[in-house]
Amino acid sequence: MYIYNAIDQSIVDARVRQFADQTERYLSGRISEDEFKPLRLQNGVYVERHSPLLRVAIPYGLLSSRQLRMLAQIGRKYDRGFGHFTTRQNIQFNWVKLEQVHEILADLASVQMHAIQTSGSCIRNVTTDHLAGVAHDERVDPRPLAELMRQWSTLNPEFAFLPRKFKVAYNGAVEDRAASEVHDLAFDVYRDEAGEVRLTVKVGGGQGRTPRVAPVIKTGLHWRDMLSYTEAVLRTYNRWGRRDNIYKARIKILLDALGPERFGEEVEQEFAHLQGGPATLAASELERMTAFFGAPAYHGAASGDQDEARHRLADPRFNAWVKRNVSKHKRDAYGAVTISLKPLGIAPGDATSDQMDAIADLADRFSFGQIRVSHHQNLVLADVARSELWTLYQALETIGLSEPNVGLATDIICCPGGDYCALANAKSIPVAAAVQETLAAKAQDIGTLAIKMSGCINACGHHHVGHIGILGVDKKDEEWYQILIGGRTDTKTALGQIVGKAIPREAVAPTIERLTDFYLENRSSGELFIDAVERLGKAAFHDAAFQTETTQTSPSPKIQEANS
């Protein structure tokens, strides 16, 4: 992983001192709330329902065990003994005190971390595939490019006050595990026939009030022009983006107004002046950055297939855990293990300080001291020898984190919702818990199913791209929920569509259960839920979810015909 040099450290340390001074002046009344707001936001501080919230940056989701232990310590010392991992591969602390935030930032700086640009109208935390560097289908490891983008965009004065927030993602594999097409700016990284690294550029994706799938505006961009082209995109956005209406200020709205072709032309005009200029990347710089992300010292031990197979036969739960939580690795003797932060009864994405400490120990023991954060709100040990899977599984059982549910209906993505967030229209956590409890017994039978929930239209829970999405809405000061189906973020990214009218909280879990029961009754052999939605049509699922219980159990003649 990237290691700070003296310049990096001095910048972060100076930022801590600067924010300490800004906070002291605000608390003493020398600067106003309006003056302080942009300052706190660009240091990751929100004012939430009950207390300030601090969002900490985890660039492209990569942590060292030392850094995770520091996050655990912060949870104990400054919060209530836990942290919440987010869909932006960050972590949030929900119960901090404003007068102590600069102390937290100082602790973070001591382990090469910060909260810079985790909020505000700026370039946010750069994300990528949580399996980057180890994925079996990877074309190019995107982390060196993501780190170059992070360094270039951090505290870049020209883009510190964009029309609205700006999110960047990288995908370097065949399967898009970075949800790149719902980002403001995304790069697909690949090699051309000559072996040169190239990028496909997508702009204007996003969720929230006006969800959009990003169109491609350029193909074949050489890696050395990545920052120059990004500068052209951002200058075009700064020039044409709306600043008179916060709801129409995102770059996706500009794409709607100009059209992708016209927007691409404007970017090309800017790029013509920038190409070959100061932001052009040198080969030596890419080589230097790539060296930080070299492969660890893998041992040449046998894969442990026989030992693994024996334990899988003897222990059905371990067998399910290997099937669901262990991903294929570039090296046959290794696997990438996802630690589910979705055990029943726990807010999705939450981890206690004790659990974070324990996971840091497991990372040192089993995965070269590194941890990944996925946008699914889980943690990943990316380099575990298959011969050690059984031992790791037993260790995870002792800390309550061996749930074999990655990718299943109980692996719900969920924002903090009305329990914490001042913007939320409805609570998310208790609804997610009810859905988990309702579907737990049949989750393995249902198979892969992405349920994603947001407490408001800002879509922090990615409800637009869930196979089933749940959105909290306000109706006359009461909490209601809309159900969406058909969203996805794989090689066929699509936005979900609302089915039926909004329903009260107590109806959400039964409605989701009717959707899954209809799928189980009508699926073809080996067919996933999302594929059944596309084959049978959303209308059929709508009828199953919202018709009376006396008529819902028998599929219609049309459905029977489709299954024949």
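Q: What makes the crossing in which α14 passes α16 right-handed?
A: A crossing is right-handed if the near helix is turned clockwise from the far one by less than a right angle, and left-handed if anticlockwise; α14 passes α16 in the right-handed way. This is a predicted model, in which local features need pLDDT of at least 70, side-chain atom pairs count only at pLDDT 80 or more, and totals for chains, interfaces and linings use all residues. Residues are numbered from 1 along each chain as its sequence is written, and side-chain values use heavy atoms, with hydrogens and water left out.

Q: How do the axes of helix α14 and helix α16 lie?
A: The axes of α14 (residues 429-439) and α16 (residues 505-522) come within 9 Å and cross at roughly 35°. Axes are lines fitted to C-alpha atoms over the stretch in contact, with angles from 0 to 180 degrees between N-to-C directions. Helices are DSSP runs (H or I, at least four residues) and strands are too (E, at least two), numbered from the N terminus.

Q: What is the relative accessible area of Arg-177?
A: It is 11%, so Arg-177 is buried as well. Arg-177 lies in the loop between β7 (168-171) and β8 (185-191). Not counting residues up to four places away in sequence, Arg-177 touches several residues, including Asp-129, Asp-137 and His-375.

Conventions. Buried means under 20% relative accessible area, exposed over 50%, partly exposed in between (1.4 Å probe, protein chains only). Contact means heavy atoms within 4.5 Å.
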